[in-house]
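Let us read a structure together, one feature at a time. Keep the view open as we go.

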Amino acid sequence: MLVLFETAAGYAIFKVLDEKKLLEVDSLWKEFETPEKANKIVKLKHFEKFQDTTEALAASTALVEGKISKNLKKILKKIVAKDAHEQLAVADAKLGGVIKDKLNLSCIHSPMVTELMRGIRSQMEGLITGLPSREMAAMCLGLAHSLSRYKLKFSPDKVDTMIVQAISLLDDLDKELNNYIMRCREWYGWHFPELGKIITDNLTYCKCVKQIGDRRNFSSSDLSDFLPEEVEEEVKAAAEISMGTEVSEEDISNIQHLCDQVIEISDYRAQLYDYLKNRMMAIAPNLTVMVGELVGARLIAHAGSLLNLAKHPASTVQILGAEKALFRALKTKRDTPKFGLIYHASIVGQTTAKNKGKISRMLAAKTALTIRYDALGESTSAEMGAENRLKVETRLRHLEEKGIRRISGTGKALARADKYQHKSEVKTYDPSGESTLPLVPKKRKIEVEEEEEETEAPVKAKKVKVVEVKEEPEDLQEEEEPVKKKKKKKQKEVAVFVEEVEEEEEEQPTTSTAGETTEKKKKKKKKKIKEEPEDD
């Protein structure tokens with residue numbers, strides 16, 4: 001068996017002397033404890049040294065990509081082709097497949113080969129003669145530096161760093177610009193305080209101050225380049241009656257210099273924004289269509305690169321940027337945040353507060369798809385992002401119009417999503433029992449009494465008794481301040497009276513004499529009820 005061993009100094013081919021010991025994989029490391037033991041297992045057959053670092057870099061990059069370099073191809077044809085009947089042990093299975101296809105050599109890769117390579121690497125100085133350790137260390141360091149520079153130069157993620165730096169610089173410029181403008185307004189406000197209220201745009205304010213300087217020059221200057229006529233007249237009128245203090249020319253020159261800085265930074269910020277917009281459309285067009293170039297760039301910067309962002313699930317993309325609020329909510333056992341950086345997307349901004357959570361969740365799911373398509377796909381078109389954005393906007397329109405349609409049944413019919421209302425079983429209080437006014441007028445009461453005398457039916461007598469009981473409060477209405485205890489006594493007596501009358505009706509026969517006796521008793525009871533309040 002032959003072994004292909006790659007080093008930073010060159011290619012080495014070893015001949016295995018005792019293949020039986022290779023079968024014991026677990027104890028194979030014992031055979032490479034010393035150089036003497038290692039020389040009994042393997043023997044160096046050929047060593048091809050690299051001429052310079054460039055050749056070593058080309059060979060290493062070819063090995064990383066699973067390809068055969070020219071030097072390796074020559075070595076395999078010269079040395080290994082002579083022993084074509086023997087197997088060639090390789091450290092990379094992909095490289096072994098390429099060698100087998102192109103040179104028709106049987107290659108082997110197994111855990112046994114991995115242990116063998118580890119043993120050869122541990123005793124490399126003793127197995128490879130004529131290669132000093134200092135030279136080997138220098139070759140390793142030089143190749144490592146060259147390979148790192150090569151990967152950095154040709155990294156597919158290298159363009160992401162430009163976006164990360166651009167969006168970070170844009171945020172820094174906004175902060176500095178805001179500080180400069182505040183300082184300029186406060187500084188010039190001592191001289192002309194009314195100008196700050198008339199001109200609200202910061203850039204226009206700085207241009208006016210730069211061009212005019214002293215407020216006395218406003219009346220004789222032309223500001224039509226960046227101010228409308230109405231505002232210009234208002235500024236000139238305010239300059240004549242201004243309450244600001246007088247300042248020297250040196251102060252005005254310093255303020256004008258600060259205005260120059262503000263204008264230059266504003267121009268550079270606009271240029272940087274255009275650069276960032278073009279970069280985002282070139283690298284992540286679908287992501288840009290979905291959430292915009294600023295939000296997309298901030299998502300990439302927060303994740304580190306577009307590839308790292310593509311590895312995140314949609315739920316992470318949704319709350320990316322709100323980590324502090326998330327862990328605070330988990331710690332206090334409260335509701336977790338519904339959105340992070342994605343909140344600043346235009347679609348979420350159009351939504352009402354009620355539907356922001358739903359739209360941000362759907363937007364994060366579609367955004368995760370577009371990120372993976374941009375990072376791992378080969379197409380550079382933005383069709384997928386446009387389609388997904390249309391779906392999110394359609395969903396938003398349905399939520400805003402409450403037009404959620406049924407999944408089954410008639411497709412055109414709207415779903416019935418009635419709001420749940422809890423029905424309380426608590427009974428309401430009826431205040432009609434508290435009224436002291438008679439329910440039946442006096443005329444009706446006289447007619448009922450005449451009917452009682454004529455009729456003998458007990459049913460009619462019951463109606464009369466109920467009416468008469470309700471008439472009794474008429475006398476009680478004359479009292480000014482009744483006490484609660486008196487009312488309770490009256491109610492009890494009335495209830496007893498009604499029960500006694502009903503019992504008597506059942507016992508007595510339905511004759512005219514029975515009606516007369518009941519009327520007499522009723523009159524007696526009435527007298528008792530009327531007399532008791534007076535006694536109290």
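Q: With which residue does E115 form a salt bridge, and how far apart are the closest N and O atoms?
A: A salt bridge is a side-chain nitrogen of Lys or Arg within 4 Å of a carboxyl oxygen of Asp or Glu. Here E115 pairs with R118, and the closest N and O atoms are 2.7 Å apart.

Q: Before we go on, what kind of model is this?
A: This is a predicted model, where local features need pLDDT of at least 70, side-chain atom pairs count only at pLDDT 80 or more, and totals for chains, interfaces and linings use all residues. Residues are numbered from 1 along each chain as its sequence is written, and side-chain values use heavy atoms, with hydrogens and water left out.

Q: Where do E115 and R118 sit, and how are they separated?
A: Helices (H or I, at least four residues) and strands (E, at least two) are DSSP runs, numbered from the N terminus. E115 and R118 are in helix α5 (residues 111-122). They are 3 residues apart, so about one helical turn separates them.

Q: Is E115 buried, partly exposed or exposed?
A: Buried means under 20% relative accessible area, exposed over 50%, and partly exposed in between (1.4 Å probe, protein chains only). E115 counts as partly exposed because its relative accessibility is 25%. R118 is partly exposed too, at 46%.

Q: Which side chain does R269 meet in a salt bridge?
A: R269 meets D174, at 2.4 Å from N to O. This pair links distant parts of the chain. R269 lies in helix α12 (residues 249-283) and D174 in helix α8, 95 residues apart. R269 is partly exposed, at 23% relative accessibility. D174 is partly exposed as well, at 30%.

Q: How far apart are R183 and E186 in their salt bridge, N to O?
A: The distance is 3.6 Å. R183 and E186 are both in helix α8, 3 residues apart, so about one helical turn lies between them.

Q: How many aromatic pairs does a search of the whole structure find?
A: Rings of Phe, Tyr and Trp (its six-membered ring) pair if their centres lie within 6.5 Å. Planes under 30 degrees apart count as stacked, over 60 as edge-to-face and the rest as tilted. The search finds 5 pairs. One of them is Y188 with Y205: the centres are 6.5 Å apart and the planes at 80 degrees, so this pair is edge-to-face.

Q: Which parts does the pair of Y188 and Y205 tie together?
A: Y188 lies in helix α8 (residues 158-189) and Y205 in helix α10 (residues 202-212), so the pair ties together parts 17 residues apart in sequence. Y188 and Y205 are both buried.

Q: What is the phi of K333?
A: Start with the general idea. Most residues other than glycine have a negative phi. K333 is not a glycine, yet its phi is positive, about 60 degrees. K333 sits in the loop between α17 (323-332) and α18 (346-350). K333 is exposed, at 77% relative accessibility.

Q: How far apart are T161 and S305, in sequence and in space?
A: T161 and S305 are 144 residues apart in sequence and 7.2 Å apart in space, C-alpha to C-alpha. T161 lies in helix α8. T161 is partly exposed, at 40% relative accessibility.
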